[in-house]
Amino acid sequence: MRLALYQPDIPQNTGTILRMAACLGIPVDIIGPTGFDMTDRALRRAGLDYLDQVNLTRHVSFAEFDTARRQASSRLALVTAHGNIAHHEFVFQPGDVILMGRESAGAPGDVHEMADSRITIPMRPTLRSLNIAVAAAIVLGEGLRQTGGFPPGVPRPAT
């Protein structure tokens with residue numbers, strides 16, 4: 001399973017997502033252009049001391065990302081407020097790529113059309129959206145739960 005960020009524009013959210021990915025052993029694709037400096041130096045200066053623990057691939061465009069994804073035969077699951085299936089009802093597969101849209105604008109129509117699935121997180125109808133890092137954690141957690149993809153846990157004491 002992979003996590004992909006479409007043209008992220010808030011560095012703190014990207015940093016939080018990269019830290020989560022490092023801790024869970026999940027590769028991340030960053031699809032440019034980004035709304036901030038994505039160099040290793042800039043990320044380290046922002047306090048991302050986990051950067052060397054992240055399997056990070058940078059793509060200059062969605063077309064480049066999509067070519068790599070298709071070559072890997074991975075399904076693309078777009079997380080969107082306009083999804084037609086709840087994240088907990090979607091049947092994840094280990095090779096899936098979970099795509100998060102841009103914080104300020106989501107994903108454009110052509111990306112929606114190219115996605116194999118559009119999934120959503122059920123929320124109260126009067127509220128608009130969750131923070132992207134929170135949404136990524138919720139959906140990724142469900143995907144890893146379904147596929148048994150979490151890293152080995154802390155041993156439990158014998159009973």
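## Ground rules

Because the model is predicted, local features need pLDDT of at least 70 and side-chain atom pairs count only at pLDDT 80 or more, while totals for chains, interfaces and linings use all residues. Residues are numbered from 1 along each chain as its sequence is written, and side-chain values use heavy atoms, with hydrogens and water left out.

## Overall fold

The protein chain has five helices and seven strands, taken as DSSP runs (H or I of at least four residues for helices, E of at least two for strands) and numbered from the N terminus. Follow the sequence along and the pattern reads β-α-β-α-β-α-β-β-β-α-β-α.

Along its principal axes, the C-alpha trace spans about 55 × 40 × 40 Å.

Buried residues account for 43% of the 159 (buried is under 20% relative accessible area, exposed over 50%, partly exposed in between, with a 1.4 Å probe and protein chains only). As for contacts (heavy atoms within 4.5 Å), take those between residues at least 6 apart in sequence: 74% of them join residues at least 24 apart.

## The largest pocket

About 630 Å³ of space lies in the largest pocket. There are 29 lining residues, and V79, T80, A81, S129 and L130 are the closest to its centre. Strand 4 (76-79), strand 7 (117-120) and helix 5 (132-147) are the elements that each give two or more residues to the lining.

A pocket here is an open set of points on a 1 Å grid over the protein atoms alone, where a 1.4 Å probe fits, with protein on both sides within 12 Å along at least five of seven lines; lining residues have an atom within 4 Å of a point. Volume is the space filled by probe spheres set on the points, which are joined across faces, edges and corners.

## Two loop residues

Q7 sits in the loop between strand 1 (2-6) and helix 1 (11-24). Q7 is buried, at 15% relative accessible area, and touches I31, G32, P33 and R102, leaving aside residues up to four places away in sequence.

P122 is in the loop between strand 7 and helix 5 and is partly exposed, at 49%. Leaving aside residues up to four places away in sequence, P122 touches A86, H87 and H88. The C-alpha atoms of P122 and H87 are separated by 7.9 Å, though these residues are 35 apart along the chain.
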